[in-house]
Structure formats: structure tokens, C-alpha cells
Amino acid sequence: MAGGPLPHKDQRAVRQLAARGRGPGRGRRGQGELGPTALQVLPHVALLRAGVPQAITDLQGPVGPGEHVSTRVLSALLVLAILAFYLPTARQACLAQSPSQAGLEVDDVGYVYYVVDGDTFDAFPVGRVRLADVDTPEYGEPGYEEAKDALTALLMDEIVFLDVDDVGVDDRYHRLICVVYVRHNSTHLLNVNKWLVVNGYAGIVDYDNEFDPSTWTLYVYAPEDELPDMTYSQLLEAYLETREAYEELLRAFNASPLQVDIASGDVHFPGELVDFYVLTVLNGVPVNASIREALLFYEGSVLANLAASATRVAGGLFFLRYEVPLNASPGTYALFVLTNYTDGGREFLGASVRTFIISPTLTGWNACLMAIQGDLALLKTEVGLVKLLLDEINVTVWDVKGDCVVLRTEVGYIKADLEDLLEMIGEIKGFIEGLSPAQAELSGFAIGFLATSAISGLSTSHDCVLKARLSPPKGRKGLLVVIVPEGLLEHLQAGVDDVIILLDGQVTEFACAYMDEKASYVLGITYGPGEHEVIMHLRDALDDDGDGLENYEELLTGTDPLRPDTDGDLWPDARDPWPKSPAMPDLIIIGLPAAALALLVLRRRLGHS
């Protein structure tokens, strides 16, 4: 292989990834799916690595008059051409995430390439992971080295399966909060969180998340062929090659007592707001060093210097932010951070590099909308939590499959649960392209309409009925959202369960959510191609007149929902075949026998004559 073979453990990890079987309901993500693949890129890694020895020599040489160490570092970095490669423009989307075993949920799969301490590690492609509900000793405390060594021996260069917290997903340091599993044998996984506790390396701290440590078992039944298949084998191989090349460059700093650690995800996307966390430590103690340079590289060029955005959030911990442009080129990027700290008259330098990948699309990364925060959309993906700038990505409703709404954006497709989307409609409506608003009034209450196609002919009747027409949707399916004030339903002496929606004359199911801030119910229905008529009856699941017909049924047939016998013929509407004709069915019941009798009399008279 060009560029030299991978280290033995890395080769084993790639083989493990490539050899993993197909999970239930999942297609294999094989080597042929990556378009211009990592195998086409690895020759460029050889060129990159060939420049490393000279770069290190230049870096370690004597500093000339007037030359600053940081200048020397930057010059050395510019020797390196950062490898770029294209990820697939489309991968499999909307795939099932969980195997069938009870008690086991697998949200992500990753390869562990760095262990931070006894309860934190980095895994490709999800980034930094914090073990949920367990705590190991901090640096300098008894047991720190033992816990870190134990986790390293257990997880380093292994494939891990992550159950990500559904409540918080990540913490304030952008670490995924997870229960972590590693393969124990062909039929069982080992619960890493539980293992650390059982072996005395960690204690349990039950934080506010979805997990309950009292329910954990040490081993979980999970055959190899029943777990999600997320191999990324070639992508991982190229990433490891690139990362190794950059780490060679920074070995000149390894002896420095000022160490720098950069935490961020391994995969990012156009339109994403990326957070980097930088920790500076002098002789094992966090210190507030100065961030002199924070240079973002792509293909040997500096794209941005993020040093000015550095904000201290804790002792020795800094936060940097970068908005990935929509037109960002896909490939491998690197953030180089150079720091300095003065202690006792001595100046210490420290540096680190964080490599990451920008994928051209969200499609295939199983992106699911979780929340809206201002102009940010929070997505849960196979590579962790992603924050997208909504005003940059042009969101449209493209399709609805059951209770799953498919949103199309400039950076790929995003899934959203229909009810969750309805709850967020107040925040997201300003960002969804092509939404048509309309408003009606009933009994002094305003009712809002939003649809993904034009709304026309909006009218009201009977103080509880709304009618509208919808033009054909732009996507495969359309979405109509109706915001009904809770006060209106109370005024009508009805509840949301009493609402009936007719689509083209047929009763249709609707999703429902409640907006606390507006004290309103948000109702949503989907519709297919073509024009449609929608009629909404706000209290028409009731039977106000007790005749056996619900109000909406009477309105459809034209009878009076407040009168059990609309035509006054003493026949209840539910039993009257002609409920709007006073003469019927009496005309048939009485008139026909009378006519038959008259005919019989007439025949007899004619017979006597």
C-alpha cells in the first residue's frame, strides 16, 4: 500500500470493520460505495508523509535572528499538502438503528483511536465520547493512571457500539454521553460502563439522562450478524493515515510540559456550526495559556484563524467556533493550535492538530431533527450531534412516510418525527421554504394554517367548521398544519379528540402536538399529489342531538346536528332513509298500501260492471 502499511493494530481495526456482517434491514456499506475512495487517496498520503521528516528537521533547528517559533511551526505546516478526498454524495438513509435484543440500543458505531482518561475517549467517526453515569479519578488523584490504563487496554483500536443519551445527547464540552459496548465474543457485548464499576475503576453517579445504572448487566446478548453495519473501512483507513502524518509533525512538541488537547467531531458538514474545545495543561495541571494561533488548513492553505474567537469556559479550557460555508470543499481539514504560557519567568510552547472530514452531504448519515434553538437546528446523526444554521440551508418538506417527515436541504436530507416537528413549528416555520400561511376566525379566535402548497377558498360555517383547498405539493407529499387555540375548543365545549378532519370527503388521521407558549393544539395531516379539499370539524366527533349520528356525519349528509329529526317526520335521522324529506318514508309506508287498496277496489268495480 502506498505510504507504507498501517500500524498492526490499525490494520486489525480496518479488517474488523470490513468483515462485519450485515445488520437486520441494513444494506452493506462496502468499499465500492465511497465514490473516489480512500484507496485513490493513499498515494497522496505518501507524498504528505515524505515531507514530514524535512518539516520536523526545520522545526527543530535553531531559530534564526528575528524569527519566531510560531513562524517556524507555520512554515513547517505549509510544507504539508493536506490530503483531500471525496466522500459519497449519497449513502443509505433512514436506516434502522437498533438490533432486536431487548435492553440494547445501538445509535452509533466507532473505532477508538485515543483514550483521554478513565471515562473519556475519541472514536471515529463520532468524536469524543464520555461514559454515562460513571466517574473515574481525575488527573493527580489516586487511581487515575490505573483507570486510564484499564480503559486503554479494553478499548484502544477496538470497535465500540454506542447507546447515546436521548435526553441530552452531549454535554457542555460537546462529548457524546453514552453507554458503551465492546465485543466480548461472537454472541455477547460487554457493557464498558458496568465493567469499570465492577472492577473498581469507577463509581456510579446517576446524572440526569435516560440511563439507569441499576438496570445494567455486564453482558448483553447481541450476535454479530444482528448489529448495525457501519463499516466506513476505507474512510477510516485514510483518516488514520492523515492523522498519523500530522502527529509526526507535532512530535517535536511531545517533550514540552505544556500539552494541548483539541476535542471535536471527526465528520462535519457544510452549513454546520462547529465547536472546538481546547484544553491546555502544564505538568498535568490545567492552566490558562494564551492561544496564539488557531489555523484551519485545507490542501496546504490557511482558510481561517480562529484564535480571535477563543473563549475561556473553565480553567485551561477554551472554546472556538467555526461556521462551515455551504460551498466548503469535501475532504480532510486540520485545525492547528499553538499556545504559550509563562510560569516563573519561563515561556512554554504547546501545540496540537485536530484533523476532521467535511462530508458533502447529510444524506446517509441518518440525520434526525431533535430541536430548534434560535436559528440553529440540532440534529442527531451517526457522527454525533450536529448544529446547522437554518438560514443557510433552505429547508423544504419533501416527503412524509408514516410519522416520519423528510426535509430536503441544500446539504442533504433530514428526518423528523411528525409530532416533534409540529411541536417545533413555531420556531421552524420561518426557515421552511415555500410554506403558505392563512388565517381564519371562529367565535373571536384566530386559527392559523400553514401548508407546503398554496391554500385557497378558506371559509367557516356552523361556528365549528373550516373548509379550504390545497394546491398540489412541490415534493412527493405535502403537509398541512392547523394551529387551534385551546380556548376555542373550550368555548365549543369540545376537546382535541372531538376534532374530525376530512380529506377529499374521507376521514383522515392527524398528528397532534401542544404548544405551551401559545396554549394551542397543532394538528397536522399529509396529502399526496394533486389538488385536495380539506374540511375540519372542531366538535364533530360529538353527537349533540343524540340521534346516533356524529355531528360531522350530519353535516356531510345535510341534516341538522342539533335536531334528532331534521325533517320532522317522527323518524330519527339515523333511521330515516330520507332524513331531509318530511313525506318520506311515510309516503312509502302509508301511501303504497293505500294505493294498493284503491287499485284493488277499482278492479273489483270494473269486474262487476
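The questions below turn to Arg354 and then to the largest cavity.

Guide: This is a predicted model, in which local features need pLDDT of at least 70 and side-chain atom pairs count only at pLDDT 80 or more, while totals for chains, interfaces and linings use all residues. Residues are numbered from 1 along each chain as its sequence is written, and side-chain values use heavy atoms, with hydrogens and water left out.

Visitor: Is Arg354 buried or exposed?

Guide: Arg354 is found in strand S19, residues 346-358 (a strand is a DSSP run of E, at least two residues, numbered from the N terminus). Buried means under 20% relative accessible area, exposed over 50%, partly exposed in between, with a 1.4 Å probe and protein chains only. Because the relative accessible area of Arg354 is 5%, the residue is buried.

Visitor: Which side chain is joined to that of Arg354 by a polar contact of 3.1 Å?

Guide: A polar contact is a pair of N or O atoms within 3.5 Å; within protein, one must be able to donate a hydrogen and the other to accept it, and residues adjacent in sequence count only if both atoms are side-chain atoms. At 3.1 Å, the partner of the Arg354 side chain is that of Tyr113.

Visitor: Which strand gives the largest share of the lining of the largest cavity?

Guide: The lining of the largest cavity has 16 residues (a cavity is a set of points on a 1 Å grid over the protein atoms alone where a 1.4 Å probe fits but cannot get out; lining residues have an atom within 4 Å of a point). Strands S3, S11 and S22 each give two or more residues to this lining. The largest share, 3 residues, comes from S22.

Methods. Helix = DSSP H or I, 4+ residues; strand = E, 2+ residues; numbered from the N terminus. 1 Å grid on protein atoms, 1.4 Å probe; cavity = no way out; pocket = protein on both sides within 12 Å on 5 of 7 lines; lining within 4 Å. Points joined across faces, edges and corners; volume = space filled by probe spheres on them.
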